[in-house]
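Student: Could you walk me through a few residues of this one, with the cut-offs spelled out?

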Amino acid sequence: NEALENNTASNNTAVGSHTMTANTSGSGNTAVGKGALPANTTGNDNVAIGKDAMQDSTTGDYNTAVGMNAMADNTTANNNVAIGYKAMRLNTTGGSNVAVGYQALHTVTTNSENTAVGYNALYNATGSNNTAVGNEAGENMTTGYSNTCMGMRAGEELTTSYQSTIIGAYACDDCTTGIKNTAIGWDSGGSVSTGGHNVYVGTQAGKSHTTGSNAIYIGNASE
């Protein structure tokens with residue numbers, strides 16, 4: 001199929017086989033790479049660069065997808081940024097998400113306002129309002145929401161946790177369902193699994209604390 005073969009709109013750029021082949025009245029779009037933005041019909045101001053980038057998007061507006069299969073399943077979602085191989089791969093209607101890195105925010109589908117930066121950051125996330133910065137930060141989070149994980153593998157095993165703030169490499173990396181925890185420092189709260197409302201400040205703070213809630217550990221290797 002030819003690029004823009006059904007196009008009736010203006011200000012579109014399509015480079016590559018099967019790019020923007022279904023576009024009718026959508027304008028201001030840029031598609032570069034085989035199969036980039038092929039299903040778009042009326043969506044406006046999208047950028048899709050890479051093989052099969054935004055391949056299912058039809059009417060979504062103001063999205064940017066750079067990388068093979070980036071935002072491939074997007075249909076009608078708006079205002080997303082996905083940069084990296086399979087970044088936001090499964091997103092369909094979730095809006096205002098930012099994913100930067102290999103498979104960052106890969107599994108999110110209908111949820112919004114997540115930010116994932118780093119290799120596999122928030123890979124399994126299906127919740128909203130999460131921020132993860134660092135390789136594998138928040139990687140296994142599922143329906144958790146309003147969490148902040150910053151640092152390599154910070155909050156890596158969080159699943160349904162919410163409103164936790166985790167800053168530091170490996171901080172709270174074994175915590176699964178604990179809620180409203182605060183951990184600041186390398187490997188702080190690194191042993192807790194299910195506790196909630198805990199505070200850990202310092203390198204390996206609370207290193208022996210595995211379960212339980214409402215505890216405070218301040219200082220390096222505090223127990």
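Predicted model: local features only at pLDDT ≥ 70, side-chain atom pairs only at ≥ 80, totals over all residues.

Student: Where is Asn 23, and is Asn 23 buried or exposed?

Tutor: Asn 23 sits in the loop between β1 (13-15) and β2 (30-32), strands being DSSP runs of E with at least two residues, numbered from the N terminus. Asn 23 counts as buried because its relative accessible area is 0%, where buried means under 20%, exposed over 50% and partly exposed in between, with a 1.4 Å probe and protein chains only.

Student: Which backbone oxygen lies 3.0 Å from a polar atom of the Asn 23 side chain?

Tutor: That is the backbone oxygen of Gly 26.

Student: And what about Ala 72, where is that?

Tutor: Ala 72 lies in the loop between β4 (64-66) and β5 (81-83), and Ala 72 is buried because its relative accessibility is 0%. Leaving aside neighbours within four places in sequence, Ala 72 is in contact (heavy atoms within 4.5 Å) with residues including Asp 52, Met 88 and Arg 89.

Student: Switching to the surface, is Ile 218 buried or exposed?

Tutor: Ile 218, in strand β13 (residues 216-218), is exposed because its relative accessibility is 63%.

Notes: Residues numbered from 1 in each chain as written. Heavy atoms only, no water. Helix = DSSP H or I, 4+ residues; strand = E, 2+ residues; numbered from the N terminus. Polar contact = N/O pair within 3.5 Å; in protein donor to acceptor, adjacent residues only side chain to side chain.
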